[in-house]
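Hi everyone, thanks for coming. I'd like to walk you through a model, so please have a look at it while I talk.

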Amino acid sequence: MTLSIRRLGDPVLRRRAASVPKVNAKVRALAREMREAMDRAHGIGLAAPQVGESLRLIVTSVPRGDLPPFETALANPEILSSSRKEAIGEEGCLSIPGIIGDVKRAERIRVAGTAMNGRRVVVEEEGLIARCLAHEIDHLNGVLFIDRIGLPEAKARAAMEAFLEER
């Protein structure tokens with residue numbers, strides 16, 4: 001099955017996603033399909049609500065220079081702690097094409113979740129990886145990056161639609 005990415009205005013993007021009760025073959029298949037959709041769209045992170053599934057599941061593939069990308073698939077991810085030090089960085093979103101903004105986020109975060117092998121994992125990351133994880137976890141709570149920069153949804157939708165018409 002080919003998943004399509006939902007765009008701003010789809011109600012699923014504003015709902016708090018349901019917990020994944022158990023990592024099973026269906027959840028692993030969804031994570032694989034999400035990664036494929038993310039790769040097709042040239043993204044670095046994707047949350048299940050962005051493909052119409054109101055589940056607490058994220059995938060990432062964040063570039064790290066000369067190192068292999070930081071790739072993960074986590075069910076029920078939660079931020080355990082965040083550094084007090086924050087950084088402003090540019091963000092966009094596969095669900096809001098054409099819109100980019102500077103978002104203030106913690107420089108370093110600790111995230112716990114369940115890996116696709118069913119084991120609980122804790123990762124501590126900084127920089128772009130931390131930003132990506134926080135952005136995707138926001139999606140699971142119905143929060144979009146435009147909320148963090150104070151861009152009203154109506155203005156963001158109009159700008160997104162104008163961008164898509166130009167393409």
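I'll go through the sheet, then one loop, then some charged pairs. Keep in mind that this is a predicted model.

Let's start with the sheet. It is open, has 5 strands, and runs in the order E1-E2-E3-E6-E7 with antiparallel pairing. Which strands stand at the edges? They are E1, residues 45-47, and E7, residues 120-126. Each has a single partner strand, so one side of each is left without a neighbour in the sheet. From one strand to the next, the twist averages 40°.

E1 and E2, the latter covering residues 57-64, run antiparallel and are joined by 3 bridges. Leu 46 is placed opposite Val 59 in E2.

Two helices pack on this sheet. Helix H1, residues 25-40, touches E1, E2 and strand E3, and its direction makes about 40° with that of E2. Helix H2, residues 127-140, touches E1, E2, E3, E6 and E7, and its direction makes about 160° with that of E2.

On to the loop between E1 and E2, where you'll find Gly 52. Is Gly 52 buried or partly exposed? Its relative accessibility is 24%, so Gly 52 counts as partly exposed. Leaving aside neighbours within four places in sequence, Gly 52 is in contact with Arg 6 and Val 12.

Arg 6 brings us to the charged pairs. Side chains of opposite charge can pair when their charged atoms come close. The model has 11 salt bridges. In one of them, Arg 6 pairs with Asp 10, with the closest N and O atoms 2.9 Å apart. Arg 6 is itself partly exposed, at 31% relative accessible area.

Glu 91 is the residue I'd like you to zoom in on. Its side chain meets that of Arg 105 in a salt bridge, at 2.6 Å from N to O. Here Glu 91 sits in strand E4 and Arg 105 in strand E5, 14 residues apart. Glu 91 also forms a salt bridge with Arg 131, where the closest N and O atoms are 2.8 Å apart. Arg 131 belongs to helix H2, so this pair ties together parts that are 40 residues apart in sequence.

How exposed are these partners? Glu 91 is buried, with a relative accessible area of 5%, and Arg 131 is buried at 10%. Arg 105 is buried too.

Terms used: Residues are numbered from 1 along each chain as its sequence is written. This is a predicted model: local features need pLDDT of at least 70, side-chain atom pairs count only at pLDDT 80 or more; totals for chains, interfaces and linings use all residues. Side-chain values use heavy atoms; hydrogens and water are left out. Two strands pair if DSSP finds at least two bridges between them. Helices (H or I, at least four residues) and strands (E, at least two) are DSSP runs, numbered from the N terminus. Axes are lines fitted to C-alpha atoms, for helices over the stretch in contact, and angles run from 0 to 180 degrees between N-to-C directions. Contact means heavy atoms within 4.5 Å. Buried means under 20% relative accessible area, exposed over 50%, partly exposed in between (1.4 Å probe, protein chains only). A salt bridge is a side-chain nitrogen of Lys or Arg within 4 Å of a carboxyl oxygen of Asp or Glu.
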